Amino acid sequence: MARGRCITWVLMLLAGTCLAEPVEVQGIRLWEAPDNTRVVLDISGPVTHELFTLKSPDRVVVDLRNSRFKKGVSAEAGQGLVRSMRSGVRNGDDLRMVLDLKGAVRPRSFLLKPNGEYGHRLVIDLFDTATPAAQASQPVKAVREAPKATSRELVVAIDAGHGGEDPGARGRNGTREKDVVLQIARKLEAMVNREPGMRAVMIRDGDYFLRLRDRMKKAREQRADLFVSIHADAFRDHRAHGSSVYVVSQRGASSEMARMLADQENAADLVGGVSLNDKDDLLKSVLLDLSQAASIEASTSVADNVLRELKRVGRVHKTRVQQAGFVVLKSPDVPSILVETAFISNPEEEKQLRSDRHQQKLAQAMLNGIRAYFQENPPLGTVMAARRHIIQRGDTLSELAKRYDVSMQRLRVANGLTNDRLRIGAVLQIPAEDS
């Protein structure tokens, strides 16, 4: 009996010793975004911490209980909103880190459990109080001379998936999804900005993390006409291959509508240009439902066009547009698609994803699909809508070429005409003016 109590006492002592083992800070990483800076501490296990701000000068203090730096690791140089970092021992066993700042911030901290890429982490997000997120995106290009003074450019929001400490999938040769999709996104951005009447908005234009709902929110703040999220797929079987295009599932759309109706912050939101703040719950539900139905229909049509163009570039994984509950696709009033460009887990496709030429082909395919959809369905008030002509009796190709200051050959190419005959009532797409 005494022996049993002794063993129990020893086990309890060992357990207490293990619990008292200090947490090691094994590394520090900083990620700079347009409106915030993320500080990530790689730690050996969960840690109790306190965080507070100080003024004159601005700084954030982080106290980590029973913690220490791993040998060889120390505070890093400043980046983004962080001017510098320093640390010291507090109360004998605790670690205090001080982040000297370039200005006032709104801090937020949370712990993350291990995943395939990283172990335990303490994340500290520092939000710039002087620069609202909505001001982070700047116009990419000026509006070209438009047929009507009131015409606006069509806005395409381009979302490169993952970013920062979220690398996404990784290929056998170390290719990271977050890197290649950003490269493809930038190529698509350049192509969109060369299109008459179109303007690109980059949701992520650097190596930093964005929450899924923030991506969707940014597109809506920019009044985007289309949201395109770019990813690279992965699967345990390295033979899986091909592109896929997704739209939101009806179930995912319904859950988002319920979420918006329950969220009082969305009471004054805009859905298709209609304010919801003065509507009763039933009318809000009807307006959201109508807006969402139109958005899903448009999303599916765009996705069909993009998938058709991707089939010309290479193999596709799914021959039809797929539906899923991806959060970034759930905006009720912005048509949204997600493109899985290839399987980064497939060695052959990983190599293609690293190729500048193949990235160009993927971006061109996406642009071709987007252009084809909007040529048939230009939003009212856009330059693209203004650059259309409905054929009337007496119209001739030569007269229309002169009226719109383009060559007859450009009109033929833009509309797939094999001759100069025009059908009354048909819609003629007017290409950009000849230079």
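The structure is a predicted model, in which local features need pLDDT of at least 70 and side-chain atom pairs count only at pLDDT 80 or more, whereas totals for chains, interfaces and linings use all residues. Residues are numbered from 1 along each chain as its sequence is written, and side-chain values use heavy atoms, with hydrogens and water left out.

At the start of α7, a side-chain oxygen of serine 355 comes to within 3.3 Å of the backbone nitrogen of arginine 357. Within the helix, the buried residues (under 20% relative accessible area, with exposed meaning over 50% and partly exposed in between, for a 1.4 Å probe and protein chains only) include His358, Leu362, Met366, Ile370, Tyr373 and Phe374.

Two aromatic pairs are counted when rings of Phe, Tyr and Trp (its six-membered ring) are paired at centres within 6.5 Å, planes under 30 degrees apart being stacked, over 60 edge-to-face and the rest tilted. The rings of tyrosine 246 and phenylalanine 326 are edge-to-face, since their centres lie 5.3 Å apart and their planes meet at 85°. Tyrosine 246 belongs to strand β13 (residues 244-248) and phenylalanine 326 to the loop between β16 (322-324) and β17 (336-343), so the pair ties together parts that are 80 residues apart in sequence. Tyrosine 246 is buried, at a relative accessible area of 16%, while phenylalanine 326 is partly exposed, at 30%. The rings of tyrosine 373 and phenylalanine 374 are likewise edge-to-face, with centres 5.0 Å apart and planes at 75°; tyrosine 373 has a relative accessible area of 11% and phenylalanine 374 one of 3%, and each is buried.

Strand β2 (residues 36-43) is mostly covered, eight of its eight residues being buried, with Asn36, Arg38, Val40 and Asp42 on one side and Thr37, Val39, Leu41 and Ile43 on the other. Strand pairing requires at least two DSSP bridges, and β2 runs antiparallel to strand β1 (residues 23-32), to which seven bridges join it. A hairpin of three residues connects β1 to β2, and tryptophan 31 stands opposite arginine 38. Eight bridges link β2 to strand β9 (residues 120-128), also in the antiparallel sense, and here leucine 41 stands opposite leucine 122.

Key:
Helices (H or I, at least four residues) and strands (E, at least two) are DSSP runs, numbered from the N terminus. A polar contact is a pair of N or O atoms within 3.5 Å; within protein, one must be able to donate a hydrogen and the other to accept it, and residues adjacent in sequence count only if both atoms are side-chain atoms.
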